[in-house]
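User: I would like a close look at one part of this model. Please keep it brisk.

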Amino acid sequence: LTAYNMVGFQTKLKYGEQSRVFRLIPALRNAEFLRLGSIHRNTYVCGPKVLRPDLSLKGHPKVYLAGQITGVEGYLESAACGLLTALFIQQRIEGRAHQSPPANTALGALLRHITGSDPKHYQPANIHFGLFDPSHFDGLAGLKKDGVRQAMAEQTRVNFSRWWETHPGASSL
């Protein structure tokens, strides 16, 4: 028996209808479906209300959160959030001051979103250009949308590399 996972079928369609639709695809005509999709609900905290900039809880600073529960969406973002949390715990253990990646990096922009957004309108997010504050970047004036994004992407890469190289202990992770 070989089983394949079809990711991303979050739907309100009833199972019978899902089977019917999938069987319209010639390669799936005779497939056996082990499990079909359904809507699921993600659980997350209101980060701006309960998280400190180091991803510890405001009311319990020795308790840290990581991943999807913080309000990041996506596998990569959840793993990256876990890495940040590990770095922040390492900073605390070693008695160093908290040092976040700058807001003009992807991780910094995501962290700024989950800890510094307006709590009244907070929604989980994956990384996207809308999280970046253009005022944190150089040379964007006069560029069209694609040029702005390309300049931001290059600057975020350089800025993160600079932060990573100067962050004590980062290379050990």
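Why is Cys 46 too far from the closest cysteine sulfur for a bond?

Analyst: This is a predicted model, where local features need pLDDT of at least 70, side-chain atom pairs count only at pLDDT 80 or more, and totals for chains, interfaces and linings use all residues. Residues are numbered from 1 along each chain as its sequence is written, and side-chain values use heavy atoms, with hydrogens and water left out.

The closest cysteine sulfur to that of Cys 46 belongs to Cys 81, and it is 15 Å away, too far for a bond. A disulfide needs two cysteine sulfur atoms within 2.5 Å. The whole structure has zero disulfides. Cys 46 is partly exposed, at 22% relative accessibility. Cys 81 is buried, at 4%. (Buried is under 20% relative accessible area, exposed over 50%, partly exposed in between, with a 1.4 Å probe and protein chains only.)

Helix 3 (residues 75-93) packs against helix 4 (residues 106-116) at about 85 degrees, axes 11 Å apart. Helices here are DSSP runs, H or I, of at least four residues, numbered from the N terminus. Axes are lines fitted to C-alpha atoms over the stretch in contact, and angles run from 0 to 180 degrees between N-to-C directions. The two helices are therefore roughly perpendicular, a label for 65 to 115 degrees. Helix 3 contributes Glu 77, Ala 80, Cys 81, Leu 84 and Phe 88. Helix 4 contributes Leu 107, Leu 110, Leu 111 and Ile 114. Contact means heavy atoms within 4.5 Å.

Technical notes
Parallel < 35°, antiparallel > 145°, perpendicular 65-115°, else oblique.
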